[in-house]
Amino acid sequence: MEEFQSSGQRNQRPRDVQVVERAESISDEERGQTRGEKEEEEKEQQAADKNGGLKPFGYELFRGSPTTFAPVTEIPVPSEYTLGPGDVLRIQLWGKENQNLELPISRDGTISFPQSGPMSVAGLSFDEARQQIRKRVSEQYIGVQVSVSLGELRSMRVFVLGEARNPGSYSVSSLSTMTNALYVSGGIKQTGSLRNVQHKRDGKLVGTLDLYDLLLKGDSSNDSRLQPGDVIFIPSVGKRAGIEGEVYRPALYELKSGHTLADLVGMAGGLTPQAYPQRINIERTNEDFLRIIAEADFTSRKGQDARIQPGDRVQIPSISDVTGQYVEVKGAATRTGKFAWMPGMRVTSLINNLNSDLLPVADKQYAAIVRTNPSDDSISVLNLRLRMAVRNPGGKHDLQLKERDRLFFFSDAGKVDILDMKENETTGLVNGEKAEKEQEEEGPETFTREILFAPVIQRLKAQASPENPQQTVQISGPVRYPGEYPMPATKNLTDAIFVAGGLKDSASLYQAEVARYTVDENGTGQTRIINVDLAEAMAGKASLNLESRDRILVKSIPDFAKTRTVELKGEVRYPGQYTFRDGETLREVLERAGGLTSNAFPEGAVFSREKLRQLEAQRLREAEERLQGDLLGVQLEGDNFGGESTNRTQEVQDLLEEVQGSEPVGRLVIDLASVLKDPDYQAIRLQDGDTLTVPTIPQSVTVFGEVQFPTSHLHQAGLTVDDYLERSGGPTRQADESRVYVVKADGSVMLPEKSRWFGSRSQRLEPGDTIIMPIDVDRLNQLELWSNVSQIVYQIALGAAAVGNL
């Protein structure tokens, strides 16, 4: 039994340990302290904002209120340590007698030796007390040696006052120094001085502590020891000066008299390698209380010795970017950035392997060199046939680079698409979604011609003048990258098309247009159209030179690779999807398909067209929207119509569900038998997406609508409309018997009451006919919309049923 109990106890869940103190148990004092700290932080942040974001230096060293404070007591006790009540002396005797003694110093300042009486040690230094103890032992104990050390140390009470974060009285170890007490009190406020912390004893100044020596030099020589009753007083902060820019520790620093610019820079950690020391700005207040700016050259002795005044704000500027002796690589390259330029340098000096030096998405056919003219800083663009340059280093395509040239490498749209598709497959991303990390990084889409050339185009437009027209051209049509580009240096149409990625296979080589803006003799601008034989231009035989702002239009082959199809289904000898020529008719395609089979029922053929399907879908959406509005109106009317609101609401709801569940067919009523046999019948010109469905010979007559049992009946010769309605159970309460109509197998509609073809409702029907018993809309508050909607639904259902009967 005990084993079971102990096992059960071991398997119990461990008790929840409360590691976070509940808010209710926090004392009011702690709440007030936390609130005070937040308020002080807000004040410090406001002060930093006021000083341009600069914060005072050094106040984070003692910041915070430690929950426990345990001063180090295991360090060697200095010989000048003064003993007092509460200290414990550890005395070890060995030799003739072996004994370990712990003798506390009593309140009267004495320790009691066994068999020797009291001995006064209070007020003596530790070294003096040790000598006296050794002397007494040697006099009173023959053959005994002694070792004296300090055990537990007494605690003492000191005061931390002034601009401390938590001023007051604190109990500290007798070995504590000024910095230990500052830690206990939580540090110094930003309104307190770090350079003049005063140590007072009996109202007299014992010494001062400059915490900058500790923070900047690690010098703690002035960190004096405390005695009971000592006072650490933190006066208000002295004058400050700020330094920012290219230094390692930009901040506000407290000044002492005689500080120079070199001293301030030294306190800030010195200048960074990016600093420009020859023109250091010093913002200060003059005698008229106006802010002025002075300058100092820090490379000279005079500048380093410049006096810093309270309230000064020193700005160390940065050196400018590299301005010469470089070339820059941008875009879809493996290594981008600035590289050293040397005379005679060529493109292959930077790019000698297209696979390793360029990204996988890079366009390896074309690159661009943007060159800066050193005389006027204007730019020009050179086109680079990249693959030819790399294949033949030093050849005519391997252009020489000049100082400050920029090489642009672009992405290939086809490669980007392929890589994105592979990435999506391997990482499981859906619909081209990107991870957040990939969105933050530069992707191939940022290396397109449009993005990389955008600032170049803007610069070319800005530097244009009447003497130097704007050197840009625009290309549109079936080229890989249509858009606006810099004018090729050769002004050749072939080079302009090469910059745009080349021609697509849909481009027409017979003709292209160049729209040129010119100015006539009267100074009036006009546009002239120049027709170009593109085939000769691409072969280098055309003499046309491009000019400023030319707009090149590459024409497409009409209906290039455009295929139009019609689908033949059902009782066709060779059904399938047929491609038809422009202007070809349904009869011609059916002849190509071998005509109809012997089981075909041409009178019931369903011919659907995509445009009609879209129109039906639009009508369904409109009917649905209007029905939803009418349904809301019926619901708001309540039972004002003899309590029939609930029934009418359900009827409208049912009709709305029928509309929402209907799929558009796009049927066009045709007489397929006449299409095949009657040459005078209107020819049906095909459109892309047409579908012809030929059913088998039917044997049924279908009854739809408001009858008791809507269904299909086997056709029997001699039966009339009323006969078939009777076989379906007759009309329902909601039926409108006066508006019965018949939809023939070819989709045409006949009204038995009015049609001469019927003569009356006793007229006999044919296989494939459909009888429609509509709803009585007059009974339903005379909403004409419901009648129209019901007709739409029935027509669509008939087309779908005809297709489904195959």
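How exposed is E283, and what is its relative accessible area? E283 is partly exposed, with a relative accessible area of 31%. The points below begin with the basis of the model and then take up its contacts.

1. Basis of the note. This is a predicted model, in which local features need pLDDT of at least 70 and side-chain atom pairs count only at pLDDT 80 or more, while totals for chains, interfaces and linings use all residues. Residues are numbered from 1 along each chain as its sequence is written, and side-chain values use heavy atoms, with hydrogens and water left out.

2. Terms for exposure and secondary structure. A residue is called buried under 20% relative accessible area, exposed over 50%, and partly exposed in between (1.4 Å probe, protein chains only). Helices (H or I, at least four residues) and strands (E, at least two) are DSSP runs, numbered from the N terminus.

3. Salt bridges. A salt bridge is taken as a side-chain nitrogen of Lys or Arg within 4 Å of a carboxyl oxygen of Asp or Glu. By this rule the model holds 29 salt bridges. One of them joins R90 to E102, with the closest N and O atoms 3.6 Å apart. R90 belongs to strand β1 (residues 88-95) and E102 to strand β2 (residues 99-104), so the pair ties together parts that are twelve residues apart in sequence. R90 is partly exposed at 42% relative accessible area, whereas E102 counts as exposed at 54%.

4. E283 meets R291 in a salt bridge of 3.3 Å, N to O. R291 is partly exposed, its relative accessible area being 43%. R284 forms a salt bridge with D312, the closest N and O atoms being 2.7 Å apart. R284 lies in strand β13 (residues 280-285) and D312 in the loop between α7 (301-304) and β15, so this pair ties together parts that are 28 residues apart in sequence. Both R284 and D312 are buried. Salt bridges that share partners also join R195, D210 and K256 into one network.

5. Aromatic pairs. Rings of Phe, Tyr and Trp (its six-membered ring) pair if their centres lie within 6.5 Å; planes under 30 degrees apart count as stacked, over 60 as edge-to-face and the rest as tilted. The count comes to nine aromatic pairs. In one of these, the rings of Y366 and F410 have centres 5.6 Å apart and planes at 5 degrees, so the pair is stacked. This pair links distant parts of the chain, with Y366 in strand β18 (residues 362-372) and F410 in strand β20 (residues 406-411), 44 residues apart. Y366 and F410 are both buried. The rings of F408 and F410 have centres 6.5 Å apart and planes at 85 degrees, so that pair is edge-to-face. F408 and F410 are both buried. Ring pairs link Y366, F408, F410, F453, Y485 and F498 into a cluster.

6. Charges over rings. A charge is said to sit over a ring if NZ of Lys or CZ of Arg is within 6 Å of the ring centre and within 35 degrees of the ring normal. R385 lies over the face of F498, at 4.0 Å from the ring centre. K338 lies over the face of Y326, at 4.7 Å from the ring centre.

7. Strand pairing around β11. Two strands pair if DSSP finds at least two bridges between them. Strand β11 (residues 240-245) is joined by four bridges to strand β12 (residues 251-254), and the two run antiparallel. β11 and β12 form a hairpin with five residues between them, and I243 stands opposite A251 in β12. Four bridges also join β11 to strand β15 (residues 313-316), here in a parallel arrangement. In this pairing G242 stands opposite R313 in β15.

8. Backbone points. R404 has phi near 75 degrees, a positive value in a residue other than glycine. R404 is placed in the loop between α9 (386-391) and β20 and is partly exposed, with a relative accessible area of 29%. R549 has a positive phi of about 65 degrees although it is not a glycine. R549 is found in the loop between α14 (534-538) and β25 (551-556), and its relative accessible area of 46% makes it partly exposed.
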